[in-house]
Amino acid sequence: MPKLLFLNGPNLNLLGKREPEIYGNFSLDELEGTLTSKISKMNCEVSWYQSNAEAELVDKIHASATDGVDFVVINPGAFTHTSIALRDAFLGTSMPFIEVHISNVYSRETFRHKSYLSDVAVGVISGVGIIGYELGAIAALNWLSLKKNN
Ligand code: DQA
């Protein structure tokens, strides 16, 4: 059974309270609960991890590679726009991933248009709200099954 890890970066622990006009009213706990029950029905194992610290996210990507995680769906938060370390962690472990943003980063400030991850991601989902995580999981499972059959 494929193993998916949902990774969330800085300030995503504030979902539901943080700028609700941009990020909505769902807390991270609610999102995890709802999505875990939906996605587990797709015949896969799901785990979640959130950290505000870049080093912890890097360590988690390294650990995932040895813990049998097959794919990461990540919302890197503001580290999207700054972190060569996260990019290198994915490249260094060859861990496939999809980058998710709740908001449409391209309709916001120009500093959000730059991502250190997008060009090495399997794909990017931005601006469709929290359903982006679910779409990311569907795309991840599709990518893994195509890879298995090739
Ligand atoms: C975000 C967009 C980022 O620019 C921002 O720093 C976040 C959240 C999103 O989900 O829309 O923290 O990744």
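Modeller: In this predicted model, a salt bridge is a side-chain nitrogen of Lys or Arg within 4 Å of a carboxyl oxygen of Asp or Glu.

Colleague: How many salt bridges does the structure hold?

Modeller: The cut-off is 4 Å from nitrogen to carboxyl oxygen. With that criterion, the salt bridges in the structure number 4.

Colleague: What is the N to O distance between aspartate 119 and arginine 87?

Modeller: The two side chains meet in a salt bridge. An Asp oxygen and an Arg nitrogen must lie within 4 Å for that. For aspartate 119 and arginine 87, the N to O distance is 2.7 Å.

Colleague: How many residues apart in sequence are the parts that this pair ties together?

Modeller: Aspartate 119 lies in the loop between strand E4 (97–101) and strand E5 (123–126). Arginine 87 belongs to helix H4 (residues 84–93). The pair therefore ties together parts whose separation in sequence, in residues, is 32.

Colleague: Is aspartate 119 buried or exposed?

Modeller: Exposed means over 50% relative accessible area. Aspartate 119 has 56% relative accessibility, so it counts as exposed.

Colleague: Which helix holds the lysine 38 that pairs with glutamate 134?

Modeller: Glutamate 134 and lysine 38 form a salt bridge at 3.1 Å, N to O. The pair links distant parts of the chain, 96 residues apart. Glutamate 134 is in helix H5 (residues 131–148), while lysine 38 is in helix H2.

Colleague: Which residues do salt bridges with shared partners join into one network?

Modeller: Glutamate 109 bridges to arginine 112, with the closest N and O atoms 2.7 Å apart. Glutamate 109 is partly exposed at 34%, and arginine 112 is buried at 17%. Shared partners make one network of Arg108, Glu109 and Arg112.

Colleague: Which residue with a side-chain N or O atom is 2.6 Å from an oxygen atom of the ligand?

Modeller: The residues around the ligand include Arg18, Asn75, Ser103 and Arg112. Arginine 18 has a side-chain N or O atom 3.0 Å from a ligand oxygen. For asparagine 75, a polar side-chain atom lies at 2.8 Å. The distance of 2.6 Å belongs to serine 103.

Colleague: What percentage of the ligand's accessible area does the protein cover?

Modeller: The space taken by the ligand is the second largest pocket. On its own, the ligand has 330 Å² of accessible area.

Conventions. Residues numbered from 1 in each chain as written. Predicted model: local features only at pLDDT ≥ 70, side-chain atom pairs only at ≥ 80, totals over all residues. Heavy atoms only, no water. Helix = DSSP H or I, 4+ residues; strand = E, 2+ residues; numbered from the N terminus. Buried < 20%, exposed > 50% of the residue type's maximum accessible area, 1.4 Å probe, protein only. Near = heavy atom within 4 Å. Polar contact = N/O pair within 3.5 Å; in protein donor to acceptor, adjacent residues only side chain to side chain. Areas by Shrake-Rupley, 256 points an atom, 1.4 Å probe, with all protein chains shown as cover. 1 Å grid on protein atoms, 1.4 Å probe; cavity = no way out; pocket = protein on both sides within 12 Å on 5 of 7 lines; lining within 4 Å. Sits in = over half its atoms within 2 Å of the grid points.
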